Amino acid sequence: MENTVNKELIDFIYASPTAWHTAANAAKILEDNGYTQLFESDNYDIKPGKGYFVKRNDSAIIAFKVPKADFRGYMIMAAHGDSPCFKIKCSPAVKSANAYVQLNVERYGGMICSSWLDRPLSAAGRVVVRENGRIVSKLINIDRDLLLIPNVAIHMDRSANDGKSYNANVDMLPLFSAADSENSFEKIIAREAGCEEEDILSYDLFAYCRQKGTQWGADNEFISSPRLDDQQCAYSCLQGLLNAEAGDSAAVCCIFDNEEVGSGTKQGADSTFLEDTLCRIFDAMGRDRRELAQVISQSFMVSADNAHAVHPNHPEYADRNDRPLMNKGIVIKYNANQKYTTDAVSAAVFSEICKKADVPVQRFTNRADMPGGSTLGNISAAHVSIDTVDIGLAQLAMHSAYETAGAKDTEYLIKAATVFFSSSFNRRGSEIEIL
Ligand code: CO
C-alpha cells in the first residue's frame with residue numbers, strides 16, 4: 001500500500017513546520033505548475049483559463065483557476081496550514097538551576113502536552129529584520145535538532161502515569177543549551193536569517209517537532225507525522241486543484257492560518273481574505289457587480305479539516321453508529337449545533353461528487369454527551385454565506401506532536417478534490433444540479 005503520494009505529503013509536511021512554510025511550499029508547487037503570484041497591493045491582471053495565487057501575511061494562501069469563458073460560480077475548498085505548537089517569546093532565555101538555558105514559550109493552540117516531551121525539536125517561523133532601510137520578513141527553519149523538553153524521571157515523580165497535568169509555564173520549557181554556552185538563541189537566529197543580531201526587529205518563531213513522517217503497519221496502511229491536521233487536507237486539496245480541468249466555475253483553494261487559535265486574524269478564516277479575493281476575481285474577469293450575488297449563490301464550499309477515527313484502545317469515544325475508520329474514505333462531519341456546517345443538502349452534494357470520483361464516504365458525529373471540536377467552515381460561512389460541507393480524513397491522536405492517519409485516504413481526497421474543482425454547482429431554490 002506504500003505509495004508516492006504519501007511520500008510527497010510527508011516531505012511537504014517535513015518542510016512545513018509553520019503556517020508560513022506551508023504557504024511558501026504551496027506557493028512553490030503552484031509556481032512549478034504555471035500559477036502566477038498576485039499581490040493584494042496590486043491590480044489583479046487575470047486571464048481566462050489561467051491559475052493564480054495570493055498570500056496574506058505570508059502565512060495564508062488562496063490559489064485559484066478561472067474558467068475559459070462562462071463564469072457560473074466558485075467551487076471552494078478550505079483547509080488550514082497551522083498546527084498546535086509552542087511559540088517562543090521575544091525574551092527567550094530562561095536560566096535554570098545555574099546550569100541550563102531554556103526557552104521561554106507559550107502554547108499556540110491546544111496540543112497534547114505529553115506528546116511533546118522527549119522528542120527532538122527545533123525552531124522555525126519568520127524573523128523581521130532591518131535591511132537597507134526597509135523592514136523585511138525572512139522565513140527561517142533551523143534544520144537541526146536544537147531543543148528538547150525532558151520528562152521528569154519516574155523515580156522523582158511517581159504520579160507520572162496517573163493522569164498527569166502539565167503547566168505550560170513550568171513543565172513545557174524546552175532545554176536549549178548549557179548555561180556557559182557562547183551561542184544565544186538570538187545569535188543562532190541571526191545567523192540563520194543572514195543578518196546581524198542588532199538588525200532583528202522582532203520575530204514569530206515556534207518550537208516544532210522534528211520527527212519525520214513514516215508509512216507503517218502490516219500492510220503499510222498507516223501514515224504518522226507531525227501536523228497531519230491539517231496539512232494532509234491542505235496538500236490534498238492543492239493537488240486536486242492542480243489536477244482539475246477548468247470547468248464553468250472558478251476553482252478556489254484556500255489554506256488559512258490561525259485555525260488552531262480560533263481563526264480571528266486577518267489571515268484566518270474569520271477575515272475578509274476569501275471574500276476580498278472572490279470579489280477581486282469577479283471584477284478582474286470584467287463582470288458586472290450587480291451579478292455578484294447571483295454568482296455567489298451558485299457557489300459551494302468544502303471545509304476540509306481532519307476528523308477523528310475510532311480509537312483502538314478507546315472505541316467507546318466514537319458515536320454508536322457513525323464510526324469513521326482510517327482508509328475507509330472521506331468523512332462528512334455533522335453537528336446539530338452547526339459547529340460543522342454540513343446539512344442534508346451539502347452532504348448530498350458532496351456525496352454525489354465523491355461517487356463521481358469513485359471515493360467512499362463515511363460519517364462523523366460526536367457522541368451526544370461530548371461537545372467535540374470546531375473548524376473553519378461555519379466561521380468562513382459568516383463571511384461568504386454559501387452551501388458548505390465539513391469534511392476531513394479520519395486520524396488518530398489529533399493535536400499530538402505525532403499524529404496517525406490512513407495511507408489510502410490522501411489519494412481519496414485528491415481524487416474527490418479533482419472532481420469537485422472540475423464541477424459547477426447549479427442551485428435554484430430546492431433543486432440542485434452538479435455540472
Ligand atoms: Co484542524
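Helix α2 passes helix α4 in a right-handed crossing, a crossing being right-handed if the near helix is turned clockwise from the far one by less than a right angle, and left-handed if anticlockwise. The contact, meaning heavy atoms within 4.5 Å, is made by Thr22, Ala26, Ile29 and Leu30 of α2 together with Gln231, Tyr235, Leu238, Gln239, Leu241 and Leu242 of α4. By class, this contact has 7 nonpolar, 3 polar and no charged residues, where Ala, Val, Leu, Ile, Met, Phe, Trp, Tyr, Cys and Pro count as nonpolar, Asp, Glu, Lys and Arg as charged, and the others, Gly among them, as polar.

The model is predicted, so that local features need pLDDT of at least 70 and side-chain atom pairs count only at pLDDT 80 or more, while totals for chains, interfaces and linings use all residues. Residues are numbered from 1 along each chain as its sequence is written, and side-chain values use heavy atoms, with hydrogens and water left out.

Helix α2 spans residues 19–32 and helix α4 residues 228–243, and the two pack at an angle of about 20° with their axes 11 Å apart; they are therefore roughly parallel to each other, a term for angles under 35 degrees.

A second pair is formed by helix α7 (residues 344–356) and helix α9 (residues 407–422), which pack at an angle of about 110° with their axes 8 Å apart. That makes α7 roughly perpendicular to α9, as angles of 65 to 115 degrees are classed. Helix α7 passes α9 in a right-handed crossing, and the contact is made by Ile353, Cys354 and Lys356 of α7 and by Ala416, Val419 and Phe420 of α9. These residues divide into 5 nonpolar, no polar and 1 charged.

A search of the whole structure finds 1 cavity of 30 Å³ or more, a cavity being a set of points where a 1.4 Å probe fits but cannot get out, with lining residues having an atom within 4 Å of a point. The largest cavity has a volume of about 110 Å³. Among its 14 lining residues, Ser83, Pro84, Trp116, Arg227 and Ser400 lie nearest its centre, and the lining comprises 8 nonpolar, 3 polar and 3 charged residues.

Key
Axes are lines fitted to C-alpha atoms, for helices over the stretch in contact, and angles run from 0 to 180 degrees between N-to-C directions. Helices (H or I, at least four residues) and strands (E, at least two) are DSSP runs, numbered from the N terminus. Angles under 35 degrees count as roughly parallel, over 145 as roughly antiparallel, 65 to 115 as roughly perpendicular and the rest as oblique. On a 1 Å grid over the protein atoms alone, a cavity is a set of points where a 1.4 Å probe fits but cannot get out, and a pocket is an open set with protein on both sides within 12 Å along at least five of seven lines; lining residues have an atom within 4 Å of a point. Grid points are joined across faces, edges and corners, and a volume is the space filled by probe spheres set on the points.
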